[in-house]
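Please keep the sequence and the structure in view while reading.

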Amino acid sequence: LEVINQESMAHPKDLILIQVEADLVYKQGNIVRYNELMQEMIALEPLNSDLYNNLGVANAKLGLKDEAIKYYNKAIELKPENPGALINIAVLILDGEKEYNEAMNALGTSKADYDRYDELKAEKISLYRSALPYLESALQYRSDDVDIVRTLKGIYSQLGEDAKVKEMKTLLTTLEEGQ
């Protein structure tokens, strides 16, 4: 890292050096520095979709969900067929499912609790619907990705879309037999 820093001082716009440093600091867990380096790289290559995806990952790790989503969307805007960004944004959206499950499980049996349960369930369904287009698009580019198929099958099941559940089951069986 020290050698890279010295070289970077001599060649501050060398994208390869910045990338090497970014990889090193990421492996060391220094996400703040990684984030800074991704910003530098984007300044040098503002149309690189993968850099925006990486910046989204860094922001997600820092707990900056809104910023992460902004960068994932920029990556998708620049390259709609970027399955990594499509999956990452869906995962970030679906991460909110835990909060709904916890809140729903903590409710009692009063009328007010049942009403609150219904509200939370509707919000959770909305969450699924917001992640769905990203996963469906990602499946177009990674049609053999078992995890995407399983996730879509689960979401379709929650949404009561039986025909699509069946479609995903069939695709899943085909993929698992091929492994």
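Is lysine 74 buried, partly exposed or exposed? With 26% relative accessibility, lysine 74 counts as partly exposed; the classes are buried (under 20% relative accessible area), partly exposed (in between) and exposed (over 50%), with a 1.4 Å probe and protein chains only as cover. The model is predicted, so local features need pLDDT of at least 70 and side-chain atom pairs count only at pLDDT 80 or more, whereas totals for chains, interfaces and linings use all residues. Residues are numbered from 1 along each chain as its sequence is written, and side-chain values use heavy atoms, with hydrogens and water left out.

The side chain of lysine 74 meets that of glutamate 77 in a salt bridge, at 3.4 Å from N to O. A salt bridge here is a side-chain nitrogen of Lys or Arg within 4 Å of a carboxyl oxygen of Asp or Glu. Side chains of opposite charge can pair when their charged atoms come close. Lysine 74 and glutamate 77 are separated by about one helical turn, because they lie three residues apart in helix α5. Helices are DSSP runs of H or I with at least four residues, numbered from the N terminus. An α-helix has 3.6 residues a turn, so residues three or four places apart point the same way. Glutamate 77, at 57% relative accessibility, counts as exposed.

Helix α8 holds two further pairs to inspect. Aspartate 115 and lysine 111 form a salt bridge through their side chains (3.0 Å, N to O); the two are four residues apart in α8, and therefore about one helical turn separates them. Aspartate 115 is partly exposed at 34% relative accessibility, while lysine 111 is exposed at 59%. In the other pair, the side chains of arginine 116 and glutamate 119 meet in a salt bridge of 3.0 Å, N to O, and these residues are three places apart in α8, about one helical turn. Arginine 116 has a relative accessible area of 34% and is partly exposed, as is glutamate 119 at 43%. Elsewhere, salt bridges that share partners join Glu21, Arg33, Glu36 and Glu40 into one network. The whole structure contains 11 salt bridges.

Val146, Ile148, Val149, Leu152, Ile155, Tyr156 and Leu159 are buried in α9. The cover over these buried residues includes α6, α8 and α10. Leucine 152 touches Leu132, Leu135, Glu136, Leu139 and Met168, leaving aside residues up to four places away in sequence; contact means heavy atoms within 4.5 Å.

Leu152 also belongs to the largest nonpolar core, which has 44 residues; Met38, Leu94, Leu152 and Ile155 touch the most other members. The elements that give two or more residues to this core are α2 (15–27), α3 (31–44), α4 (49–61), α5 (65–78), α6 (83–94), α8 (111–141), α9 (146–159) and α10 (162–178). The largest share, eight residues, comes from α6. Such a core is a set of buried Ala, Val, Leu, Ile, Met, Phe, Trp, Tyr and Cys residues joined through side-chain atoms within 4.5 Å.
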